[in-house]
Amino acid sequence: MLLSSLYNKPIIDNYSAQHLGTINQIHINNQKIDYFLTSRNVKIKVSNICKINDAIMYKAEDRYYPDFKFYSIANQLITDEKGKIYGNLIDLMITKTFEVRKIMSDTKNLCNVDIISISQDSLVFKRKPKAKKSVIIQPAPTADPNIITTISNYGFLIGRIIQKNIMANGNIILPSGKKITKQDIDIAQKYGKIIDITIYSKFYNIENL
């Protein structure tokens with residue numbers, strides 16, 4: 001970072017939103033910059049500089065609150081707490097309960113923010129954290145009893161009579177009229193025909209004589 005790049009940046013007090021001027025003089029102690037004096041004759045300790053961006057954000061050692069006096073909308077410089085500049089204040093949109101809903105600048109509108117401090121010079125804000133989306137767990141669908149569900153145990157098929165030739169690759173793998181055995185179930189599983197023998201089979205009874 002070049003020192004010269006800091007000269008024209010506004011220095012903003014993060015606590016009070018006071019514009020402290022720009023760098024005017026530099027004090028160097030033992031090859032290290034100790035403090036700056038600003039164009040408004042404010043001493044800026046470099047140890048209290050918290051962020052450098054479009055603006056230099058500064059936190060004074062003695063924190064005080066300006067009580068948010070009733071400053072007029074006076075084209076204040078808008079920065080976030082990280083020193084990024086968002087133009088100048090045009091207006092504030094408020095709710096019926098007088099909560100600030102939106103900061104309106106000459107470059108963009110800023111929503112979902114909290115104002116940290118405001119003065120006749122500047123307005124400093126921070127972003128509100130985004131609310132975490134709640135995950136809605138959908139209940140598992142109820143099984144339709146009319147739908148044939150593939151199950152792991154096909155023992156219930158043993159003893160049924162096949163009512164139709166079961167074909168695979170153009171060949172009969174299980175002929176019509178055959179009584180189903182465990183080996184037949186294995187063959188049907190091998191060729192993916194379990195559903196076929198379930199549909200096209202029934203228990204042996206007097207109607208099959």
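**Ground rules**

I am working with a predicted model, in which local features need pLDDT of at least 70 and side-chain atom pairs count only at pLDDT 80 or more, while totals for chains, interfaces and linings use all residues. Residues are numbered from 1 along each chain as its sequence is written, and side-chain values use heavy atoms, with hydrogens and water left out.

**Salt bridges**

How many salt bridges does a search of the whole structure find? I got four, taking a salt bridge as a side-chain nitrogen of Lys or Arg within 4 Å of a carboxyl oxygen of Asp or Glu. I wrote up three of these pairs, as follows.

I looked at R40 and D121, whose closest N and O atoms are 3.4 Å apart. This pair links distant parts of the chain, 81 residues apart: R40 is in the loop between β3 (32-38) and β4 (43-45), and D121 is in the loop between β11 (113-118) and β12 (122-127). Strands here are DSSP runs (E, at least two residues), numbered from the N terminus. For exposure I used relative accessible area with a 1.4 Å probe and protein chains only: buried is under 20%, exposed is over 50%, and partly exposed is in between. R40 is partly exposed because its relative accessible area is 45%, and D121 is also partly exposed, at 25%.

Next I checked K128 and D114, a salt bridge with its closest N and O atoms 3.8 Å apart. K128 is in the loop between β12 and β13, D114 is in strand β11, and 14 residues separate them. I noted K128 as partly exposed at 34% and D114 as partly exposed at 32%.

Then came K178 and D184, which meet at 2.6 Å, N to O. Is D184 buried or exposed? D184 has a relative accessible area of 3%, so I put it down as buried, whereas K178 is partly exposed at 27%.

**Strand β7**

I turned to β7 (residues 77-80) and looked at both of its faces. L77 and T79 on one side and I78 and D80 on the other are all buried, so both faces are covered. In a regular strand the side chains alternate between the two faces of the sheet.

Which way do the partners run? I count strands as paired if DSSP finds at least two bridges between them. With β8 (residues 85-94), β7 pairs in the antiparallel sense over two bridges, and T79 stands opposite I85. The two strands form a hairpin with four residues between them, and G83 in the turn has a positive phi of about 95 degrees. With β12, β7 pairs in the parallel sense over four bridges, and here L77 stands opposite S122.

**Loop residue N165**

I found N165 in the loop between β13 (160-162) and β14 (166-168). N165 is partly exposed, with 33% relative accessibility. What does N165 contact beyond its neighbours within four places in sequence? My list is I172, L174, P175 and S176, where contact means heavy atoms within 4.5 Å. A polar atom of the N165 side chain lies 2.7 Å from the backbone nitrogen of S176.

**Surface patch**

I noted that L3, Y7, I26 and I28 make a nonpolar surface patch of about 310 Å². Such patches join nonpolar side chains (Val, Leu, Ile, Met, Phe, Trp, Tyr) within 5 Å, or like charges within 9 Å, using residues with over 30% relative accessible area and no salt bridge. The areas come from the Shrake-Rupley method with a 1.4 Å probe, and for residues only the protein chains shown count as cover. I28 sits in strand β2 (residues 23-29) and is exposed at 56%.

**Positive phi**

Two non-glycine residues went into my last entry. A17 has a phi near 65 degrees and lies in the loop between β1 (11-13) and β2. N169 has a phi near 55 degrees and belongs to the loop between β14 and β15 (171-174).

How values were computed: A polar contact is a pair of N or O atoms within 3.5 Å; within protein, one must be able to donate a hydrogen and the other to accept it, and residues adjacent in sequence count only if both atoms are side-chain atoms.
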